[in-house]
Amino acid sequence: MNLPDKYVIDKNITLQKAYNLLCLFFANKEIARRSDPSNNTTSLSALENLFFSGEASRLLIEVAIAIRVVDDQIKMLPMNDPARIQYNKRKAIVDNYDYALFDELTLREICNKIIHSNTMEPHTTEGIEAHEFDLAFKHGDGNKEINWKHLNGYVRLTGEHRQIEWFVLLNIEAFVLGAYDLLNNDYSTSF
């Protein structure tokens, strides 16, 4: 049996995890729209409360680690290796995505923030659509009576580097798009 001498990252599994992460955040809006905002023990809210934080944390960290490992492995290839050249072209593009609301960070830097963060706090926003239980407003027969919130796709990450505190408002959609655009090309089948 020919055993690998390095970590083997399956890019399709990593992309599936990125997709699942995006689905968690996108699904929250519909779950919030269909759940009683004053009772978080209803079935949909209860399920989300049971699983969202753990799943989002796990997926975010796993995708960030996989991207970092791939990046490190590519850097070990010879400068003229076609896989490294192609990867670096894609990386130059995705490093310009807006991963954070107030900061300009490369994909590797945002992965480092995810991996070394002490907190992962999703942000919410007011729902502007009609809530499922707001029947008069939903059918255009009255004013909005139910105020509800949902995740807005940003996650506050905080940490400390060399005794200096930092925080980042991570854009989940941009992070997933960066992961996809970086890993969805055939640089090599070895990672």
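**A predicted model: strands, burial and a pocket**

Reader: How many bridges join strand E1 to strand E2?
Author: This is a predicted model. E1 covers residues 119-126, and E2 covers residues 149-161. The two strands run antiparallel. In E2, Thr158 stands opposite Thr119. The number of bridges between E1 and E2 is seven.

Reader: How many bridges join E2 to strand E3?
Author: E3 spans residues 164-171 and runs antiparallel to E2. The bridges between E2 and E3 number eight.

Reader: Which residue in the turn between E2 and E3 has a positive phi?
Author: E2 and E3 form a hairpin, with two residues between them. The positive phi in this turn is about 55 degrees. It belongs to Arg162.

Reader: In what order do the elements of the protein chain run from the N terminus on?
Author: The secondary structure comes to six helices and three strands. Read from the N terminus on, the order is α-α-α-α-β-α-β-β-α.

Reader: What share of the residues of the protein chain counts as buried?
Author: The C-alpha atoms fill a box of roughly 65 × 40 × 30 Å along the principal axes. The chain has 191 residues. Of these, the share that counts as buried is 38%.

Reader: What share of the contacts with a separation of 6 or more comes from residues 24 or more positions apart?
Author: The count here takes in the contacts of the protein chain with a separation of 6 or more. Residues 24 or more positions apart account for a share of 69%.

Reader: Is Arg33 buried or exposed?
Author: Arg33 sits in helix H1, residues 11-34. Beyond four places in sequence, Arg33 touches Glu129, Ala130, His131, Glu132 and Trp148. Its relative accessible area is 15%. Buried means under 20%, so Arg33 is buried.

Reader: Which residue has a side chain joined to that of Arg33 by a polar contact of 2.7 Å?
Author: The contact joins two side chains, and one of them is that of Arg33.

Reader: How many disulfides does the count come to?
Author: The sulfur of Cys111 is 19 Å from the closest cysteine sulfur, in Cys23. A disulfide needs sulfur atoms within 2.5 Å, so this distance is too far for a bond. The count of disulfides comes to zero.

Reader: What are the relative accessible areas of Cys23 and Cys111?
Author: Cys23 is partly exposed. Cys111 is buried. The value for Cys23 is 29%, and the value for Cys111 is 0%.

Reader: What is the volume of the largest pocket?
Author: H1, helix H2 (43-75), E1 and E2 each supply at least two residues of the lining of this pocket. The volume of the largest pocket is about 400 Å³.

Reader: Which of the residues that line the largest pocket are closest to its centre?
Author: The lining holds 19 residues. Its largest share, five residues, comes from H2. The residues closest to the centre of the pocket are Asn28, Ala32, Glu48, Asn49 and Lys149.

Reader: How far apart are the C-alpha atoms of Leu182 and Val94?
Author: Leu182 is found in helix H6, residues 172-183. Leu182 is buried, with a relative accessible area of 1%. Along the chain, Leu182 and Val94 are 88 residues apart. Their C-alpha atoms are separated by 6.8 Å.

Reader: How far apart are the C-alpha atoms of Ile61 and His150?
Author: Ile61 has its place in helix H2. Ile61 is partly exposed, with a relative accessible area of 39%. Along the chain, Ile61 and His150 are 89 residues apart. The separation of their C-alpha atoms is 22 Å.

Methods
Residues are numbered from 1 along each chain as its sequence is written. This is a predicted model: local features need pLDDT of at least 70, side-chain atom pairs count only at pLDDT 80 or more; totals for chains, interfaces and linings use all residues. Side-chain values use heavy atoms; hydrogens and water are left out. Two strands pair if DSSP finds at least two bridges between them. Helices (H or I, at least four residues) and strands (E, at least two) are DSSP runs, numbered from the N terminus. Buried means under 20% relative accessible area, exposed over 50%, partly exposed in between (1.4 Å probe, protein chains only). A polar contact is a pair of N or O atoms within 3.5 Å; within protein, one must be able to donate a hydrogen and the other to accept it, and residues adjacent in sequence count only if both atoms are side-chain atoms. Contact means heavy atoms within 4.5 Å. On a 1 Å grid over the protein atoms alone, a cavity is a set of points where a 1.4 Å probe fits but cannot get out, and a pocket is an open set with protein on both sides within 12 Å along at least five of seven lines; lining residues have an atom within 4 Å of a point. Grid points are joined across faces, edges and corners, and a volume is the space filled by probe spheres set on the points.
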